[in-house]
Amino acid sequence: MLTRERVLEIFKKADVLLEGHFQLTSGRHSNRYLQCARVFQYPEFAEELCAALAKQFEDKDVDVVVGPALGGVVMAYETARAMKTRGLFVERDKEGTMTLRRGFVIQPGERVLVVEDVVTTGGSVREAIEVIKDLGGEVIGVGSIVDRSAGQADFGAPYASLIQVDVESFDPTDCPLCKEGTPAVKPGSRK
């Protein structure tokens, strides 16, 4: 099993933890941001992290691994590779609705593992789950590299992460960094 110390070592080597003033996808502000996409520029780290996550679901008879674009694309591929199954991704259409495109198919009854790099509110994962269920897929679990939800994420399926990281966040109206006059940067993939 991958240790917390090893995950943090990988994060340090890949320069994942950023410090500054950030606007999170949820709209909240934080002085730290986990840019997990940086870890995926190193295939050996992607392989190690995703294989460790796959191991946590090895007894679930997964037919397909699905990740929400953008953070879950490489992760779905690497996790599926470790599980020797298919890896797909859902993405937003031009209206901003999460959907399965590019000729990808989930058959009714297929057992699906949903993966995401970082779970904070779980919004993208819930959208992916909705797409999968609408297609008749059975979500048997959710996995992430990082759980930032403080253990509060509930997807109606077993959830596992490699590491839980608590990063303080603030309502923009009470953000001490805003009060200092520091502009917030939006590093995530959503507008």
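**Exercise 1. Which residue forms a salt bridge with Arg 81, and how far apart are the closest N and O atoms?**

Before we start: this is a predicted model, where local features need pLDDT of at least 70 and side-chain atom pairs count only at pLDDT 80 or more, while totals for chains, interfaces and linings use all residues. Residues are numbered from 1 along each chain as its sequence is written, and side-chain values use heavy atoms, with hydrogens and water left out.

*Solution.* 
- Step 1: Recall the rule. A salt bridge is a side-chain nitrogen of Lys or Arg within 4 Å of a carboxyl oxygen of Asp or Glu.
- Step 2: Find the partner. Arg 81 pairs with Glu 78, with 3.0 Å between the closest N and O atoms.
- Step 3: Helices (H or I, at least four residues) and strands (E, at least two) are DSSP runs, numbered from the N terminus.
- Step 4: Check accessibility. Buried means under 20% relative accessible area, exposed over 50%, and partly exposed in between (1.4 Å probe, protein chains only). Arg 81 is partly exposed at 40%, whereas Glu 78 is buried at 10%.

**Exercise 2. Find which parts of the chain the salt bridge between Arg 86 and Glu 110 links.**

*Solution.* 
- Step 1: Look at the contact. The two side chains meet at 2.8 Å, N to O.
- Step 2: Locate each end. Arg 86 is in strand E4 (residues 86-92), and Glu 110 is in the loop between strand E5 (98-99) and strand E6 (111-119). The pair is 24 residues apart and links distant parts of the chain.
- Step 3: Arg 86 is partly exposed at 34%, and Glu 110 is buried at 13%.
- Step 4: Widen the view. The whole structure has twelve salt bridges. Arg 6, Glu 9, Lys 13 and Glu 48 are linked in a network of them.

**Exercise 3. Is Glu 58 buried or exposed?**

*Solution.* 
- Step 1: Read the value. Glu 58 has 53% relative accessibility, so Glu 58 counts as exposed.
- Step 2: Look at its partner. Glu 58 forms a salt bridge with Lys 55, with 3.3 Å between the closest N and O atoms. Lys 55 is exposed too, at 55%.

**Exercise 4. How many disulfides does a search of the whole structure find?**

*Solution.* 
- Step 1: Use the cut-off. A disulfide is a pair of cysteine sulfur atoms within 2.5 Å.
- Step 2: Count. The search finds zero.
- Step 3: Cys 50 is buried, at 0% relative accessibility.

**Exercise 5. Describe the open sheet that contains strand E2.**

*Solution.* 
- Step 1: Give the order. Three strands run E1-E2-E9 with antiparallel pairing; two strands pair if DSSP finds at least two bridges between them.
- Step 2: Name the edges. These are strand E1 (17-23) and strand E9 (169-170), and each pairs on one side only.
- Step 3: Zoom in. E1 and strand E2 (residues 29-34) pair over five bridges. Glu 19 stands opposite Arg 32 in E2.

**Exercise 6. At what angle do helix H2 and H3 pack?**

*Solution.* 
- Step 1: Helix H2 (residues 43-55) and H3 pack at about 60°, with their axes 8 Å apart. Axes are lines fitted to C-alpha atoms, for helices over the stretch in contact, and angles run from 0 to 180 degrees between N-to-C directions.
- Step 2: H2 is therefore oblique to H3. Angles under 35 degrees count as roughly parallel, over 145 as roughly antiparallel, 65 to 115 as roughly perpendicular and the rest as oblique.
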